[in-house]
Amino acid sequence: MSNLPTLPECGAPATVRIELYTTGSLDACAYTCAAHTPQATAAIGGAGLDAYPTGLGPGVSRPCGHVFVYPTGTLAAPDDLAHPRWCDRDRCRLRGRHCSRARRVDTNRSESSVVEVGLVRALHPAARTMVSLSGAASAVVLSTGQARVLRYRLAHLLDLAAVSRQG
């Protein structure tokens, strides 16, 4: 928590959740009462973090001054260096590998199949990080090098498809 500033806290019920971002990644949430929100937001901004105040979700009850730091974010204490930063830290030993949260490949339209992408790496210290593509029927695991080439191949094919539609 090296970059996390000291935030005001009074212990009263929080009415605002402030999302703390670093480099476009949600790394923590701070909870404040309405009176302390401007001070907390200023302190967060002064520490070089982006602060986005939002309302509390239904059923959420936190005291003013409570901060939750996501274990996969850049503000987390490096207490478990065995996990890569992107690991979801959920049953790694049981799964036999580190896995990131699966992200849906979503076009905002109805698709014939659901596709998700994520990172995986075996627990062995010399294991390489791989990219996993999962579909309804099966999964394909690629090295990061293969994923990089796939990105370029797909971009090229999409460019060809766009040209053929125009001609």
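1. Helices and strands here are DSSP runs, numbered from the N terminus. The model is predicted. On that basis the protein chain has 3 helices and 9 strands, and their order along the sequence is β-β-α-β-β-α-β-β-β-β-β-α.

2. The protein chain holds 167 residues, of which 24% are buried.

3. In the protein chain, 46% of them join residues at least 24 apart.

4. Y21 is a local example of such a fold-back in sequence terms: Y21 and A51 are 30 residues apart in sequence, yet their C-alpha atoms are 6.5 Å apart in space. Y21 belongs to strand 1, which covers residues 16-22. Leaving aside residues up to four places away in sequence, Y21 touches L26, D27, L49, D50 and Y52.

5. The side chain of Y21 also makes a polar contact, at 2.9 Å, with the side chain of E19. E19 in turn forms a salt bridge with R17, where the closest N and O atoms are 2.4 Å apart. A search of the whole structure finds 1 salt bridge.

6. Are the two partners E19 and R17 buried or partly exposed? E19 counts as buried because its relative accessibility is 13%, under the 20% cut-off. R17 has a relative accessibility of 23%, so R17 counts as partly exposed.

Terms used. Residues numbered from 1 in each chain as written. Predicted model: local features only at pLDDT ≥ 70, side-chain atom pairs only at ≥ 80, totals over all residues. Heavy atoms only, no water. Helix = DSSP H or I, 4+ residues; strand = E, 2+ residues; numbered from the N terminus. Contact = heavy atoms within 4.5 Å. Polar contact = N/O pair within 3.5 Å; in protein donor to acceptor, adjacent residues only side chain to side chain. Buried < 20%, exposed > 50% of the residue type's maximum accessible area, 1.4 Å probe, protein only. Salt bridge = Lys/Arg side-chain N within 4 Å of Asp/Glu carboxyl O.
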